[in-house]
Amino acid sequence: MHLERIEMSGFKSFADKTVIEFDEGVTAVVGPNGSGKSNLSEAVRWVLGEQSAKNLRGKKMDDIVFAGSQTRKPVNIAEVTLILNNEDGFLPLEFSEVSITRRYNRNGDSDCFINKKPCRLKDITELLMDSGIGKDSFSMISQGKVEQIFQNKPEDRRVIFEEAAGVARYKNRKTSAERK
Ligand code: ATP
Ligand code: MG
């Protein structure tokens, strides 16, 4: 399984529809300061289920929507789609390509789609749980995260190992069953 393509529009500095293809292997994103490298990684993190505006360097969710520039008006909707190659069946879906979309409107509307079918954000989180690519997993290591992992309490550090071992999904279900 690998990330094949990102399609986005209205997300942070990406006002127009932007499509980025990724080949297999290592991809490096380079560019001058302020050109959108971090915004790109945040777009990925957001689709994977990030719910905290702060973790996306904003104060409120509206801050992820293109806010306008000297030459462009602001837009109202941010939309990002990740297209994952699932030929190896890594994700438990009968599709060789899986698209995950998240859309946010300034009016507060928020929509999610798996393979263009409407779903809940929880469905995305559940699909990715134990895959190692969930928003809190080890697939996105941001600046400062390595240090944080070392400084974490053992209980908190354990979460990373549980996700890698593939038990996070069951633990999560157990916790919510116990709460009911
Ligand atoms: P650096 O090399 O300094 O880390 P970078 O390539 O990671 O830079 P980003 O932080 O991704 O750059 O991009 C910052 C730019 O994105 C800023 O110019 C900022 O104004 C712009 N930006 C962020 N949010 C929005 C938004 N909602 N609307 C329009 N532009 C935005
Ligand atoms: Mg940056």
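1. The model is predicted: local features need pLDDT of at least 70, side-chain atom pairs count only at pLDDT 80 or more, and totals for chains, interfaces and linings use all residues. Residues are numbered from 1 along each chain as its sequence is written, while chains are lettered from A and ligands numbered from 1 in the order in which they are written.

2. Ligand 1 is surrounded by 14 residues (C-beta atom, placed from the backbone, within 6 Å of the ligand). Asn-33, Lys-37, Ser-38, Asn-39 and Ala-67 are the closest.

3. A UniProt "binding site" annotation, from an unreviewed entry, covers Pro-32, Asn-33, Gly-34, Ser-35, Gly-36, Lys-37, Ser-38 and Asn-39. Such annotations may be inferred rather than shown by experiment; positions follow the numbering used here, and feature names are shortened.

4. Pro-32 sits in the loop between β2 (18–21) and α1 (37–47). Helices (H or I, at least four residues) and strands (E, at least two) are DSSP runs, numbered from the N terminus. Pro-32 counts as exposed because it has 7 C-beta neighbours inside 10 Å. Gly-36 lies in the loop between β2 and α1. Gly-36 has 17 such neighbours inside 10 Å, so it counts as partly exposed. The cut-offs are 20 or more other C-beta atoms within 10 Å for buried, 12 or fewer for exposed, and partly exposed in between, with C-beta atoms placed from the backbone.

5. Strands β4 (residues 97–105) and β5 (residues 110–114) run antiparallel, joined by 5 bridges. Pairing needs at least two DSSP bridges. Arg-102 stands opposite Cys-112 in β5. The hairpin of β4 and β5 has 4 residues between the strands, and Gly-108 in the turn has a positive phi of about 105°.
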